[in-house]
Amino acid sequence: MKMNKIFRKSALQSDNSSNPIIEEGKEVLEKNGFSEGDIEYFADRMISVLDDYAEHFGEGTEVEYAIRKRLGRLEAAVYIPGEKYDPFENGDDSRRRKLEKTLTLNLNSQVSCIDHAYLMGRNVVSGSVPLSSKHKTILKDPVFWAVIMGVIVGLICLKLPENANKFVIDDVLNPVYKVILNVLSGVMGPVIFISLVTSIIALDSVNDLTNMGFKIFRRFLRVILFFVLISIAVSMVFFATFGPGGVDFSPNQIVSMLIGIIPVNIISPFLENNTPQLVVLAFVSGLALLLLGDRTEELCNILHQCNDWIMNIMKIVNKLLPIVPFFSIAIAIGQGNAGIFKEGWKFIAASYIIFTVCLIFKAIKLKLVTKISPIKVLKKAKPAIVTGFTTSSTSAPLAQIYEISDKELHIRREFSSFWVPMCTAMLALKTTVNVVVATMMMTEIFGMPISLSFLFVLVILTTEMSLASPGTVGSWVIAFEAFSMPTDSVGLFAAYRIFTINYSTAAVIAYSFLEEVEAAYKMGAVEAEKI
């Protein structure tokens, strides 16, 4: 079938599993290299929503549909005439769908998602999946080629006469690079605030799982803090610098830092792009809306719409990310500062050590607490871990994670359907490690002493960004700005990261499985003898 934007006609059925919309969508996904599990996962979600529409509008309702590519995603859009109907707000399974929609949206649309709109008298239901490579090697990574091109352009700049070099570096490359970094920095504030608020208010959409949601959220906080502390400990072996003004145990300084994360008003955190204050404001706002319940339904709907909008902005911004290492490396080499590259082995070594140590600790803890064999869990989770390694994406194996949790680990569906999207959206462990290691490395590069207050702010800042998930590059920009470090080095760390991302992704997925089993065991969602 040739994919195009021509609208075709179909009709809703009582069981839409054989609907041409689903059949053609599955065919296109198969031709684009998607696995059978991913295809079925996406098709099941689309079928469920179309069945809701069929029940509401009646079997045989004529609809139009189109299958197309947009912003690197494959989208199936269905146009249903009639009054406004939103299955995320109505229908028997609306509460679970609304939660899943919010959380998966906050993955920056790295996973398949279903959305709804009402335009010109028609309900528009669209399902989309990213068209990323299913087996991503370093040669298919745009960041790798950005690094190569940055080295080539930088070497060319070195050979230019001084005036020409100055013109290219100062008048061409640097201004464009600053604009890109400013765009990244500017969009991160709204992304962090809105994504956190909508994730919190989504908890209220599953009344019988609200308590479970907060228990899981507390576990996430402990996991992130554990990764932060291990990352700091390992990083100090490689990077820590001490000296006058270094280690400072002043209680006044700690109190001052605590007071500093409390916003004085609701406007200044956005104007100053103060991430710690933005996260505090988001938590307070989200909890207040959660407590008010149905009285703020209209405001919550507006926030969900804002979330859709801001995440679509992030899709566009993410297209710029491979450009960041190109400019950073070209400028560094062109200015004769290539010596900074030789320190990259420390970033790479520290990252491998941190992920390995954390995974070993979690395996030991699972065995001691639950008596469940971590080896047995990891063997069953192997397909998802391998997919994560080959794609370097924690969201690519999402369908496999659901299937393994259900069929192999026998974790209750009401738990895993809540845990998996929430874990993927709000437990950015790769970001945690990358932010800590990169920030600690910057202290060595610029000779900044490590103080207790510095470590305190680093813990708070990294924890907040790990929950808000603004992306690794965006997190580096925020962290470096927070510590008054130059953001020019962001691209260098993006280059270092390409040598760690596959292993770190596999390690995070393995860790998440062990954590899910332990959490499910403690909350009565799995029986040890069934694993």
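Arg219, Lys362, Lys365, Glu515, Glu518 and Lys522 are linked in a network of salt bridges, a salt bridge being a side-chain nitrogen of Lys or Arg within 4 Å of a carboxyl oxygen of Asp or Glu. The structure is a predicted model, in which local features need pLDDT of at least 70 and side-chain atom pairs count only at pLDDT 80 or more, while totals for chains, interfaces and linings use all residues. Residues are numbered from 1 along each chain as its sequence is written, and side-chain values use heavy atoms, with hydrogens and water left out.

Arginine 219 belongs to helix α6 (residues 210–238) and glutamate 515 to helix α21 (residues 501–522), so the pair ties together parts that are 296 residues apart in sequence; helices (H or I, at least four residues) and strands (E, at least two) are DSSP runs, numbered from the N terminus. Arginine 219 is buried at a relative accessible area of 5%, and glutamate 515 is buried at 2%, where buried means under 20% relative accessible area, exposed over 50%, and partly exposed in between (1.4 Å probe, protein chains only). A salt bridge also joins the side chains of lysine 522 and glutamate 518 (3.2 Å, N to O), and because these two residues are four residues apart in helix α21, about one helical turn separates them. Glutamate 518 is buried, with a relative accessible area of 0%, whereas lysine 522 is partly exposed at 47%.

The count of salt bridges comes to 13. Arginine 8 and glutamate 24 likewise meet through their side chains in a salt bridge of 3.0 Å, N to O. Arginine 8 lies in strand β1 (residues 8–11) and glutamate 24 in helix α1 (residues 20–31), so parts that are 16 residues apart in sequence are tied together by the pair. Arginine 8 is partly exposed at 21% relative accessibility, and glutamate 24 is buried at 16%.

With regard to confidence, the chain averages a pLDDT (the predictor's confidence in each residue, from 0 to 100) of 79, and 83% of the residues score at least 70. Over residues 105–109 the pLDDT is below 50, and this stretch has 18 contacts in the model beyond near neighbours in sequence, a contact meaning heavy atoms within 4.5 Å. Residues 205–209 also have a pLDDT below 50, with nine contacts beyond near neighbours in sequence. Where pLDDT is low, the predicted coordinates should not be read in detail.
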